[in-house]
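I'm opening the notebook on this one. Below is what I looked up, roughly in the order I went through it.

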Amino acid sequence: MQQPLDPVELAKLTLKDAVLDVIEFRGETTIVVKPETIVDVMRFFRDTEGLEYIFLSDITAVDYFPQEPRFALNYHLLSMLYLRRLRVKVYLHSDDPRIESVTSVFASADWEEREAYDMMGIHFENHPSLRRVLMPEDWEGHPQRKDYPLGYEQVQFSFNFDDIERLKPYAKE
Amino acid sequence: MTNKAVQQTTGHLESLQEWQGTVQELKNLVSPRALSGETMLLNMGPQHPSTHGVLRLLLELDGENVVSCIPDVGYLHTGIEKNMEAKTFEQAIVMTDRMDYLNPMGNNLVYCLAMEKLGEIDVPERAQIVRVLLAELTRINSHLVWLGTHCLDMGAMSVFLYAMREREMVLDIFEMVSGQRMMSTYFRPGGLWRDVPDEFIPAVKHFMEIFPKKVDDYDRLLINNPLWIDRTQGIGVITPEDAIQYGCTGATLRGSGVNWDIRKAMPYMGYETYEFDVPLGTHGDVYDRFLVRMLELRQSIRIINQAVARLEKTPGPFRTQNRKYAPPPRSELGRSMEAVIHHFKLWTEGFTLPKGEVYVSIESPRGELSCYLSSDGGNKPHRVHFRTPSYVHTMGAIPKMAKDGMLADLVGIIGSVDIVLGDCDR
C-alpha cells in the first residue's frame, strides 16, 4: 500500500495558486481554495495516490452575513483507505453566489448541492437538475440565510387578546 | 374572511388554473419514453405504508419494471437546523432528538461530541461507558423497529409483533434513565444529564439475559425461511463502487462487502477498547443487508455486556467538573458564591464556545451521522448542519437500487435501506 501523503503539502505543490489558505483547528485540516478551481481540486484529492479521498460525506453551506465574502461551502472529504478527513472550503460573494457543480466527480454531490441551493440560494452550474429539495417548489427565499426571519407566533395574553385574535386566519363572517 | 385572505385564496386558485402542467416539465428526470406515453408515471406516496414516513417516489414504469425512480422528500421538513441557530448550545440538544426519532441518543451524542470537540470539554469515564451502553441500546431499538417494519412490508406480520415487544423493554430502560421513552435528551456536553439510577444495571442485565434468545427466534423465523429468501435474495443489488459513489454508509455499505464502520475506523467515546466484529455482506442485495443488521444486533449485545461489566467497576462523576460548561450540584449552591454565579450564568446565558468549526461523525444505526458545528464565539450555534444517512440513502441509494427492478421489490428495497424520514428531512 502506498504511504499516506500530506494533503496540504501536496496541494500547495500541485494546485499552486488555487490554494488560498490552510487552517488547522482541533485536529481538522481545512484547505481554502479558489471557487473557480473546485472541480479540479476535487478530482485531484480523489485521484491522487496517497490521498484518495474517495468519499464525499457532506457539503455544508454557511452564511457569514454581514461579512463579505458572505457564503462558504464546506466539502467534507473522507479517505477510507487512510482513515482521515479533509475539509475543502470555498468563499462566495453575495452578489452572485455561483460555483461549478462537482457532480461529475462525486455522484453524491447531487443532493447535497440541491440542499445548499434550496437552503442558501447558491447556484451550481452544470448540475443535472437543480431543484428545491426540502422546501416546496414555489417557496420564496432561502430559509437558512441569516437575513431570513425565523418566524414565530405571537403569544396571546389578555391585554392583547383582541389584537392577535383579529390577525388569526379563521374563517369569519 | 379578511380581504387579504380572500386575495390570497383567489390568487392561489388562479395560479392553479394557470398551471399548464405537462409531462414536458419532467423531461430531464424521466426517460424520453415517458413523454410519448410509452411508459407510465406512478406516484408512490407521500402516504404509503411501506415508505416509513412521508416519502413520495415518482416512478416511471414499463409494465411492472421500474425504469426510473425520482424521490421527492421534504414533507417532514421542520427547519431544525434553522431553529437551533436561535437557541443556546444546550437548549438546542432538544431539537436533535426530533430528527431521527428512532435514534435519539445517537443524535444527542453526535451533537454533544461536536460541542465537546469545539470547547475541548472532558468527559469522565463513567459517562463515556454509559454513553456507549445507551448508544448500543438505541441501535437495538432502531434495528428492532427496522426488522419489524421491514418484515411487515414483505408480508411477515408476526415478526413485527415480536420486535415491538422487545423494543418496549428498551424504551422502559430509556424512561428509567431520562424520564422519556423516546425523546430522551439525556446526553449533555461534558457527560450526562444525571447519573443512572440504581435499578439501571439490573434492568439492562435482565434485558441482556432475555434478548439473545429472542434474536435466535428472529433468526429461526427468517434466515432459512424459503419464502423470505425468495423474496429478498438478488434484488436491490448495489456494487461496492456504486455504494461509495452514491454516499452509502452503515449497513447499506457493509451489505456490499465494504469494511467501513466508524466505530472501528475512527473510534469515538472509547469504542476502540471494546471487542466487537463488523459483519459484512457479499452480494449487496436486500438479504445481505438484512443479515448484516441481524448480526449487528448480536454485536451490540456483546458491547453492552462489556459496558455493563465496566460500569459496575467505575464509580465517579457522570459529568465534567468544568463549571464553565456543567452546572454545579444543588448542594453547592448554599455554600459557594462561585457556584451560584456559575449556576446563574449557565441557566440564563448559557455557555459560549470558541470561534471555529468542527465536523464530527458517529456510526448511527443507519450509517454515518455527522454534525458540522460552527461557532462565532457566542452562546448560540452560528451554523449547525447534520449529514444524515437517511437523506443520502433516500436520494441516492434507493433510486439506484430500484432502477431496472420490479415494482413489488421496491417495497423490500426501501425497507432494507432503513430510512427514517424525520432524519431525512430534518
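Which strands of chain A does helix α2 lie across, and at what angle does helix α2 run to β5(A)? I keep in mind that this is a predicted model. I find α2 (residues 38-47) across β2 (28-33), β4 and β5 of chain A. The angle to β5(A) comes out at about 175°.

**The sheet in chain A**

I then traced the sheet under that helix. I get an open sheet of 5 strands, ordered β1-β2-β5-β4-β3, with mixed pairing. At the edges I have β1 (19-25) and β3 (55-63); each has a single partner strand, so one side of each is left without a neighbour in the sheet. From one strand to the next, I note an average twist of 20°.

I zoomed in on β4 (residues 71-79) and β5 (residues 84-92) of chain A. They run antiparallel, and I log 9 bridges joining them. Within this part of the sheet, I see A:Leu78 standing opposite A:Arg85 in β5(A).

I also checked helix α3 (residues 109-120) of chain A. I have α3 lying across β3 and β4, at about 10° to β3(A).

**Cores**

Next I went to the nonpolar cores. The largest has 125 residues, and the members touching the most others are B:Tyr111, B:Leu134, B:Leu137, B:Ile140, B:Phe200 and B:Leu373. I looked up which helix gives the most to this core: α6 (residues 125-153) of chain B, with 13 residues.

**Between the chains**

Last, I turned to the interface. I have 48 residues of chain A in contact with 45 residues of chain B. The buried area is about 4,000 Å², and carbon and sulfur atoms give 55% of that.

Which residues of chain A lose the most area to chain B? I get A:Arg26, A:Trp111 and A:Leu134, together 17% of what that side buries.

I also looked for salt bridges across the interface of chain A and chain B, and the rule finds 7. I wrote down the one between B:Glu357 and A:Lys89, with the closest N and O atoms 2.8 Å apart.

Notes
Residues are numbered from 1 along each chain as its sequence is written. Chains are lettered from A and ligands numbered from 1 in the order in which they are written. This is a predicted model: local features need pLDDT of at least 70, side-chain atom pairs count only at pLDDT 80 or more; totals for chains, interfaces and linings use all residues. Side-chain values use heavy atoms; hydrogens and water are left out. Two strands pair if DSSP finds at least two bridges between them. Helices (H or I, at least four residues) and strands (E, at least two) are DSSP runs, numbered from the N terminus. Axes are lines fitted to C-alpha atoms, for helices over the stretch in contact, and angles run from 0 to 180 degrees between N-to-C directions. Contact means heavy atoms within 4.5 Å. A nonpolar core is a set of buried Ala, Val, Leu, Ile, Met, Phe, Trp, Tyr and Cys residues joined through side-chain atoms within 4.5 Å. Buried means under 20% relative accessible area, exposed over 50%, partly exposed in between (1.4 Å probe, protein chains only). Buried area is the accessible area (1.4 Å probe) that two parts lose on being put together, summed over both. A salt bridge is a side-chain nitrogen of Lys or Arg within 4 Å of a carboxyl oxygen of Asp or Glu.
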